[in-house]
Amino acid sequence: MAVTFSDLHTESGLKSLNEFLVGKSYISGDQISKDDIKVYVAVLKKPGGDFPNASKWYESVSSQLASSFPGKAVGVSICGKTAAAAPVEAAPAKEAAGDDDDDLDLFGDETEEDKKAAEEREKAKKASSKKKESGKSSVLMDVKPWDDETDMVELEKAVRSVEMPGLFWGASKLVPVGYGIKKLQIMLTIVDDLVSVDSLIEERLTVEPCNEYVQSCDIVAFNKI
């Protein structure tokens, strides 16, 4: 199974490498391989004493590469991101590993598993983003009857019988309007992406069967939660 290392120019990356190398001489077995060359190139310099396993591995790979290239080295310093070091080490890595140009990929060939994992991460990001955008709102609504003879108990039952995904009915009370007429004042919470208050009123509360009791509805307050 492929092993993935990242940010090997940072302490966290070196810590991960150091922990992986516990009890191991090389990345993928008992002998140096192309995997070691790839990781070696990504490490900018020999790890310090805080990473003994990584440091020992780095020395071992360095000595084997040095024996393959007896020419005198004057010393080269690489600055910037890890990827910038790739062209400098590419030629030695190819000869040591004995592979073709197309085989040397400092960060590893993208496998089907990598592609699938990337797709899953992208889907998770989109789902997470969508959840964050789905806010809620608190609404206070007045529901008015036809006249003073309207059964307000049945009116409230009719209102609460309306069920929709993302709609939650709350507390209610009867408020006198005048001439013996009372209106129902009711709280509701909605998920903004799922429920439109206008549609709720026009398509559910003021049509059959609710309109037997409900004459009209007004929004008294609308607040984002």
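Biologist: How many helices and strands does the protein chain have?

Modeller: The model is predicted, and its chain has seven helices and four strands. Along the sequence they follow the pattern α-α-α-α-α-β-α-β-β-α-β.

Biologist: What share of the residues counts as buried?

Modeller: Of the 225 residues, 29% count as buried. The chain exposes about 14,800 Å², of which carbon and sulfur atoms supply 50%.

Biologist: Why is Asn-18 called buried?

Modeller: Buried means under 20% relative accessible area. Asn-18 has 10% relative accessibility, so it counts as buried. Asn-18 lies in helix α1, residues 11-20. Leaving aside residues up to four places away in sequence, Asn-18 touches Phe-51, Pro-52, Asn-53 and Ala-54.

Biologist: What makes Asp-7 partly exposed?

Modeller: Partly exposed is the class between the buried limit of 20% and the exposed limit of 50%. The relative accessible area of Asp-7 is 45%, and therefore Asp-7 is partly exposed. Asp-7 is found in the segment before α1, and its phi is near 55°, a positive value in a residue other than glycine.

Biologist: Is Tyr-179 buried or exposed, and how do you know?

Modeller: Exposed means over 50% relative accessible area. Tyr-179 has 83%, so Tyr-179 is exposed. Its place is in the loop between β2 and β3. Tyr-179 also has a positive phi of about 60°, although it is not a glycine. The hairpin of β2 and β3 has two residues between the strands.

Biologist: What makes the pair β2 and β3 count as paired strands?

Modeller: Two strands pair if at least two bridges are found between them. β2 and β3 have nine bridges, in the antiparallel sense. In one of these, Trp-169 has Leu-188 of β3 as its bridge partner.

Biologist: How many bridges join β1 to β3?

Modeller: Eight bridges join β1 to β3, and these strands run antiparallel. The bridge partner of Ser-137 in β3 is Ile-190.

Biologist: Why are β2 and β4 called edge strands?

Modeller: The open sheet of four strands has the order β2-β3-β1-β4, with antiparallel pairing. β2 and β4 each pair on one side only, and are edge strands in that sense. On average, neighbouring strands of this sheet are turned by 20° against each other, direction ignored.

Biologist: Which helices lie across the strands β1, β2, β3 and β4?

Modeller: α6 lies across these four strands, at about 15° to β3. α7 lies across them as well, at about 165° to β4. Angles under 35 degrees count as roughly parallel and those over 145 as roughly antiparallel.

Biologist: What makes up the largest nonpolar core?

Modeller: The largest nonpolar core has 23 residues, and those with the most contacts inside it are Met-141, Val-143, Val-159, Trp-169 and Leu-205. At least two residues of this core come from each of β1 (136-145), α6 (152-160), β2 (167-178), β3 (181-191), α7 (197-205) and β4 (214-224). Not counting residues up to four places away in sequence, Val-159 touches Val-143, Trp-169, Leu-184, Ile-186, Leu-205 and Val-214. Another core lies apart from it, with 20 residues, including Ile-27, Phe-51, Trp-57 and Val-61.

Biologist: How are α2 and α3 placed, and what makes that arrangement roughly perpendicular?

Modeller: The axes of helix α2 (residues 34-42) and helix α3 (residues 52-68) come within 11 Å and cross at roughly 105°. The range for roughly perpendicular is 65 to 115 degrees, so α2 is roughly perpendicular to α3. On the α2 side, Asp-36, Ile-37, Val-39 and Tyr-40 make the contact; on the α3 side, Trp-57, Tyr-58, Val-61, Ser-62 and Leu-65 do.

Biologist: Why is α2 described as mostly covered?

Modeller: Seven of the nine residues of α2 are buried. The buried ones are Asp-36, Ile-37, Lys-38, Val-39, Tyr-40, Val-41 and Ala-42, and buried again means under 20% relative accessible area.

Biologist: Which peptide bond is cis, and how do you know?

Modeller: The bond joining Glu-208 and Pro-209 is cis, with omega at about 0°. Pro-209 has its place in the loop between α7 and β4.

Technical notes: Residues are numbered from 1 along each chain as its sequence is written. This is a predicted model: local features need pLDDT of at least 70, side-chain atom pairs count only at pLDDT 80 or more; totals for chains, interfaces and linings use all residues. Side-chain values use heavy atoms; hydrogens and water are left out. Buried means under 20% relative accessible area, exposed over 50%, partly exposed in between (1.4 Å probe, protein chains only). Accessible areas come from the Shrake-Rupley method with a 1.4 Å probe; for residues, only the protein chains shown count as cover. A nonpolar core is a set of buried Ala, Val, Leu, Ile, Met, Phe, Trp, Tyr and Cys residues joined through side-chain atoms within 4.5 Å. Contact means heavy atoms within 4.5 Å. Axes are lines fitted to C-alpha atoms, for helices over the stretch in contact, and angles run from 0 to 180 degrees between N-to-C directions.
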